[in-house]
Amino acid sequence: MTLAIVGMSLLLMMAGARFSMELGEGFSRRERARLAADAAALAAVAEAAPYGRNEQVAQARAFASANGARLIDCMCGPGAEAVQVTVAVGDVEASARAVLDPSRFAPVSIAYPSDGLHPHLEAAVDRLLLAARGSVYVVSGWRSSPEQRELWADALARYGDPEIADDHVARPGSSLHEKGLAVDLGGDVALAASLVTTLGLHLHRPLAHEPWHFELVGSRASGGPRMPLVTGVGAR
Ligand SMILES: [Zn+2]
C-alpha cells in the first residue's frame, strides 16, 4: 500500500519534471494547463488515500507549480475522495477532476514479519501502525536466538570487550525480542509514543537510551532485573 502511494507520488513528480523540461514552447499554454490540472487533481486526491496527509491544497499547488502552472482553485476539503482543481498557465485556465476509489486501497495492510511476536504485542503494534498511517514501521520484531547471538557477536567484535558489548546488545537468551515481547519501531517514533497513550495501548519504552524500543507492559516482571540504562545504540 505504501508502495502504491509512493509510486503514484513519484510518477507525478517525474511527470512534473518531464513536462517542465520538455514542454517548453512546443506545447500550447492550453495543453500545459490541462496537464498541470490533471497532475494537481491526482496529487490532491491521493492525499485522501491511506498514508495521505490530507494536504490536498498544498499538494495541488505543488504539482501545478511543478508543471509550470499556478493553482487558482481546489475544491478539495480534508478527506475529500473527489476533487476538482483549476490551474492557470499565463491567462489560460484549465480544470480537472479526480476521484479516488477507496476500494482500491482496502483493506489497508501494513506488512511486517510478525512471526514469533506475542499475540498481545502483535495486536497492539497493528493498532499503532494503522493509526500512524504509514509514519511508523517495524524495524525489528521477534529475533531467533541465532540472530541475537550474531548481534551480540558483532557488538563484541566492534567494542572488543564483553561488558561494553553488553551495554549495547542484550546477551543471547536475555533479549525480550527473542521472547516476542519487544519491537523496535522506526519512522516517527515520537508519534508512536503519543499513539500508545492516545490509543491506551499496553506498551512502554523502558530503555531511556533506546526510544525506539517498545515492550508489552509487564514483560520484565518475571524476567529478572531491568537492564542498566546506558547511552549508545544497541539491540536489546
Ligand atoms: Zn529493541
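Which residues does H177 touch, not counting residues up to four places away in sequence? The legend to View 2 has the reply.

A note before the views: this is a predicted model, in which local features need pLDDT of at least 70, side-chain atom pairs count only at pLDDT 80 or more, and totals for chains, interfaces and linings use all residues. Residues are numbered from 1 along each chain as its sequence is written.

**View 1. An open sheet of three strands, in the order β1-β2-β3.** The pairing here is antiparallel; two strands pair if DSSP finds at least two bridges between them. Helices (H or I, at least four residues) and strands (E, at least two) are DSSP runs, numbered from the N terminus. At the edges you will find β1 (70-75) and β3 (92-99), each pairing on one side only. On average, neighbouring strands of this sheet are turned by 20° against each other, direction ignored. Axes are lines fitted to C-alpha atoms, for helices over the stretch in contact, and angles run from 0 to 180 degrees between N-to-C directions. Between β1 and β2 (residues 82-89) there are five bridges, and C74 stands opposite V85 in β2.

**View 2. H177 in the loop between α6 (162-168) and β5 (182-187).** Here is the reply: H177 touches S140, W142, R143, Q148 and A182, not counting residues up to four places away in sequence. Contact means that C-beta atoms, placed from the backbone, lie within 7 Å.

**View 3. H177 and E215, 38 residues apart along the chain.** Their C-alpha atoms are separated by 8.9 Å. H177 is buried because 24 other C-beta atoms lie within 10 Å; the cut-offs are 20 or more for buried, 12 or fewer for exposed, and partly exposed in between, with C-beta atoms placed from the backbone.
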